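Work through the exercises below with the model open. Each task is followed by a stepwise solution.

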Amino acid sequence: RLGGLAAEAGERAFLVGGLVRDIILHRRNTDVDVVVEGAAIDLGNRFAREYGWHLHAHQRFGTAVLLGPEGERIDLATSRIEHYPYPAALPEVEAGSIKADLFRRDFTINALAVELDGTRFGRLLDLFGGLQDIRQGTIRVLHSLSFVEDPTRILRAARFEAELAFQIDAQSLRLIRNAVDLELPARLSGHRLFRELRYLLEAGGAVEGVRRLAGLGMLRFVHPALEAERDGAVERVEAGRDVLDWYRLLFREEAPVRWKVLLTLLLWKLPPEELGDALTGFEVRSRDAHRITGDRRRADRFEQAVIGGAVRGEDPAGVFEHLERISLEIVLALMAVTGHAGVREAISHYIQHLRGIRGALSGSDLIELGVPQGPEVGRWLERLVRARVRGEVNSAEEERELVVR
Ligand code: ATP
């Protein structure tokens with residue numbers, strides 16, 4: 001329908017990007033990207049009017065998002081040519097042909113297009129050998145300046161390689177090594193570098209991706225401190241992946257954010273203040289950055305408390321008190337990284353049996369039972385949780401008895 005509308009206006013529309021690749025690979029992907037040789041916003045408007053969809057236009061970029069009645073989403077863009085005024089700069093953009101649009105893309109496997117026009121509907125436009133590269137499992141750039149123009153593609157190459165179980169081709173690998181030798185990734189803003197790193201950490205194959213980055217000498221651009229200890233960093237991320245797998249099999253309701261666990265582990269050797277600086281440099285939301293840094297400190301304190309004997313691993317209330325204040329991500333990260341079996345066991349027990357324990361009675365229940373309104377209520381609520389954690393009460397009835405007594 002979109003292709004038909006475009007054809008009526010004498011324009012051509014194409015399905016492009018990861019979806020084409022993933023259709024060929026029989027992989028799930030819900031990002032529908034369409035490129036128009038023509039005015040994307042106008043086409044979007046016509047489509048929205050004709051079929052009752054909503055349109056969000058970004059005039060500045062000449063792009064639009066079409067939203068369907070059943071949650072469908074189509075991203076529309078005008079085909080474009082990009083010029084890079086200097087290496088690693090953000091590109092300047094002008095309208096161009098589909099061919100030019102595909103040529104600016106990162107890898108051959110992502111530079112395929114499917115024609116949506118009525119008469120040629122479904123025809124695959126494969127200008128750079130992308131189909132063969134998908135079949136052979138090869139990540140290959142389209143031209144030799146690709147990583148100079150945009151060093152984030154190095155992280156993308158590592159991600160696709162790991163996620164799809166593909167191989168970066170030998171020439172592309174040489175081009176990456178050149179770009180790294182020239183220190184080009186150092187010119188990326190923390191924000192752009194981190195965006196791609198986060199995708200990699202969220203992807204299947206994150207460990208292999210990080211190992212690849214380490215092998216390419218890329219980790220120092222994430223943080224200079226990682227240069228000296230690449231093997232350690234990869235091992236920590238691997239341990240983090242194992243803990244996340246273990247956690248998933250517990251089928252708990254609380255779901256950890258994967259990149260937060262793995263990034264914290266990658267940077268675990270940094271003192272918390274430096275971790276905070278790194279997160280700020282990545283432009284991680286300041287609320288997240290504060291939480292991660294604070295939790296990192298609390299995790300250290302907990303570990304020291306167990307090692308020093310101030311908290312006994314077998315004392316559920318002591319463990320609960322420390323860990324309940326730390327986000328799940330950093331608790332899991334500590335479990336992955338600690339060298340102390342007692343700490344690991346305490347966390348394992350806590351996660352399986354204690355995390356998220358709440359009392360059954362509410363504040364108003366307590367007041368009804370005669371607890372005076374005010375701070376006393378809060379103290380009772382905490383006491384009930386502790387009693388639960390210790391196994392002293394197990395039901396609302398037993399909680400009530402404890403209060404009345
Ligand atoms: P996935 O959905 O697995 O993340 P994707 O290929 O859809 O993969 P996106 O980051 O959503 O990845 O990018 C969409 C498309 O935009 C890519 O397929 C690629 O053609 C193009 N693209 C994205 N980032 C770049 C880049 N840095 N340089 C060149 N082309 C890019």
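Two residues are in contact if their C-beta atoms, placed from the backbone, lie within 7 Å. Helices (H or I, at least four residues) and strands (E, at least two) are DSSP runs, numbered from the N terminus. This is a predicted model: local features need pLDDT of at least 70, side-chain atom pairs count only at pLDDT 80 or more, and totals for chains, interfaces and linings use all residues. Residues are numbered from 1 along each chain as its sequence is written.

**Exercise 1. Describe how α17 packs on α18.**

Step 1. Two packed helices are described by the angle between their axes and the distance between the axes. Axes here are lines fitted to C-alpha atoms, for helices over the stretch in contact; angles run from 0 to 180 degrees between N-to-C directions.

Step 2. The axes of α17 (residues 328-337) and α18 (residues 341-354) come within 9 Å. They cross at roughly 145°.

Step 3. List the contacts. From α17 come Val 331, Leu 334 and Met 335. They meet Arg 344, Ile 347, Ser 348 and Ile 351 of α18.

Step 4. Sort the contact by class: 5 residues are nonpolar, 1 is polar and 1 is charged. Ala, Val, Leu, Ile, Met, Phe, Trp, Tyr, Cys and Pro count as nonpolar, Asp, Glu, Lys and Arg as charged, and the others, Gly among them, as polar.

**Exercise 2. Check the length of α15, then find its buried residues.**

Step 1. Helix α15 (residues 286-308) has 23 residues, so at 1.5 Å a residue it should span 33 Å. The expected span is 1.5 Å times one less than the number of residues. The end C-alpha atoms of α15 are 33 Å apart, which agrees.

Step 2. A residue is buried if 20 or more other C-beta atoms lie within 10 Å of its own, exposed if 12 or fewer, and partly exposed in between. In α15, Ile 292, Thr 293, Asp 295, Arg 296, Ala 299, Phe 302, Glu 303 and Val 306 are buried.

Step 3. Their packing partners are α13 (258-266), α14 (272-281), α16 (316-323), α17 and α18.

Step 4. Gly 309 follows α15, with a positive phi near 90°.

**Exercise 3. Is Lys 269 buried or partly exposed?**

Step 1. Locate Lys 269: the loop between α13 and α14.

Step 2. Lys 269 is partly exposed because 17 other C-beta atoms lie within 10 Å.

Step 3. Leaving out residues up to four places away in sequence, Lys 269 touches Ala 225 and Glu 229.
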